[in-house]
Amino acid sequence: MAKIRRVRHRADGCEMALPDGSWDLLFIRRGDGPAMVIQTGQITAPLVVESRAGDEILSIAFRPEVYMPHLPGRLLVSQGVPCPVDAAGRFHIGQERFEIPSFDNAEHLVAALARRGVLERDPVVMRTLQGARQRLDERSIQRHFAEVAGLGPKALQQIARAHEAAALLRRGLPASHVAAELGFTDQAHLSHSLKRLLGQTPREIAKGVPPTSG
């Protein structure tokens, strides 16, 4: 299922986009300017995203097993590709045209994308992430993930584990306990992983310090 989020920025600024195992369709409107539509891929490190006062952004995030065959994950890692928007305000994906959604009807867009074959769900990626056994060997699975999702299963599992660790730290668990519970080699390994993927140390996460570009 897609995750839908709407943001309106009241002032110029920047925020950190963190790896979360998903890719996005972004619908951006700046002031009275035309809408922009961008398909983004998986990211592997925190990314600074600048915004201007008045920017309105609707994002639809998709799980890694969902992909667009005409533009698979391997082509989108750590980057975004604009989708053309015509004079009638419809955006194009391949040969298909769609109305730019609002927050209230974004789920209808997702359904239309799937119905027209623009979105597909990959069974190999889905079953692997669920821990199911596969008929493919490990190398074939790695190649398949790289094509569909842009990242291999190990990278996606590391991202998921980092977010799980952050959630435990915010609940007040000591870093040493979190490291042991989630299978990190030691506390230094936990710290390195969180800094690399979430841009913060365990102490910063536990204290609720927001991530910064510095």
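**Figure 1. Gln39, a buried residue in strand S4.** In this predicted model, Gln39 has a relative accessibility of 2% and counts as buried (buried is under 20% relative accessible area, exposed over 50%, partly exposed in between, with a 1.4 Å probe and protein chains only). Residues are numbered from 1 along each chain as its sequence is written, and side-chain values use heavy atoms, with hydrogens and water left out. Because the model is predicted, local features need pLDDT of at least 70 and side-chain atom pairs count only at pLDDT 80 or more, while totals for chains, interfaces and linings use all residues. Gln39 sits in strand S4 (strands are DSSP runs of E, at least two residues; helices are runs of H or I, at least four; both are numbered from the N terminus). Leaving out neighbours within four places in sequence, Gln39 is in contact with Trp23, Asp24, Leu25, Met68, His70, Leu71, Leu76, Gln79, Gly80, Val81 and Cys83 (contact means heavy atoms within 4.5 Å).

**Figure 2. Gln42 in the loop between S4 and S5.** Strand S4 spans 36–40 and strand S5 spans 47–51, with Gln42 in the loop that joins them. Gln42 is a loop residue, yet it is buried, at 2% relative accessible area. The side chain of Gln42 reaches the backbone oxygen of Gly21 at 2.9 Å, and a polar atom of that side chain lies 3.4 Å from the backbone nitrogen of Ser22. For polar contacts, the cut-off is a pair of N or O atoms within 3.5 Å; within protein, one must be able to donate a hydrogen and the other to accept it, and residues adjacent in sequence count only if both atoms are side-chain atoms. Not counting residues up to four places away in sequence, Gln42 also touches Trp23, Pro64, Leu76, Val77, Ser78, Ala149, Leu151 and Leu156, among others.

**Figure 3. Ser78, a residue other than glycine with a positive phi.** Here we zoom in on one of the residues that Gln42 touches. Ser78 is found in the loop between S7 and strand S8 (80–83), and its phi is near 60°. With 43% relative accessibility, Ser78 is partly exposed.

**Figure 4. Helix H3 and its two faces.** H3 covers residues 138–148, and its buried residues are Ser140, Ile141, Phe145 and Val148. Looking down the axis of H3, these buried residues fall within an arc of 135°, so they line one face of the helix (the arc is that of the directions from the helix axis to the C-beta atoms). Exposed Arg139 and Arg143 are on the face of H3 turned away from the buried side. The buried residues of H3 pack against strand S7 (66–67), helix H2 (123–129) and helix H4 (153–170).

**Figure 5. The ends of H3.** Past the helix comes Gly150, with a positive phi near 90°.

**Figure 6. The hairpin of S9 and S10.** Strand S9 (residues 90–93) pairs with strand S10 (residues 96–99) in the antiparallel sense, over 4 bridges (two strands pair if DSSP finds at least two bridges between them). His92 stands opposite Arg97 in S10. There are 2 residues between the strands, and Gly94 in this hairpin has a positive phi near 60°.

**Figure 7. Lys195 in helix H6.** H6 runs over residues 187–198 and includes Lys195, a partly exposed residue at 44% relative accessibility. Setting aside residues up to four places away in sequence, Lys195 touches Gln200, Thr201 and Glu204. The C-alpha atoms of Lys195 and Pro46 are 9.2 Å apart, although 149 residues separate them along the chain.

Figure 8. Searching the whole structure gives 0 disulfides (pairs of cysteine sulfur atoms within 2.5 Å). Cys83 also shows up among the contacts of Gln39.
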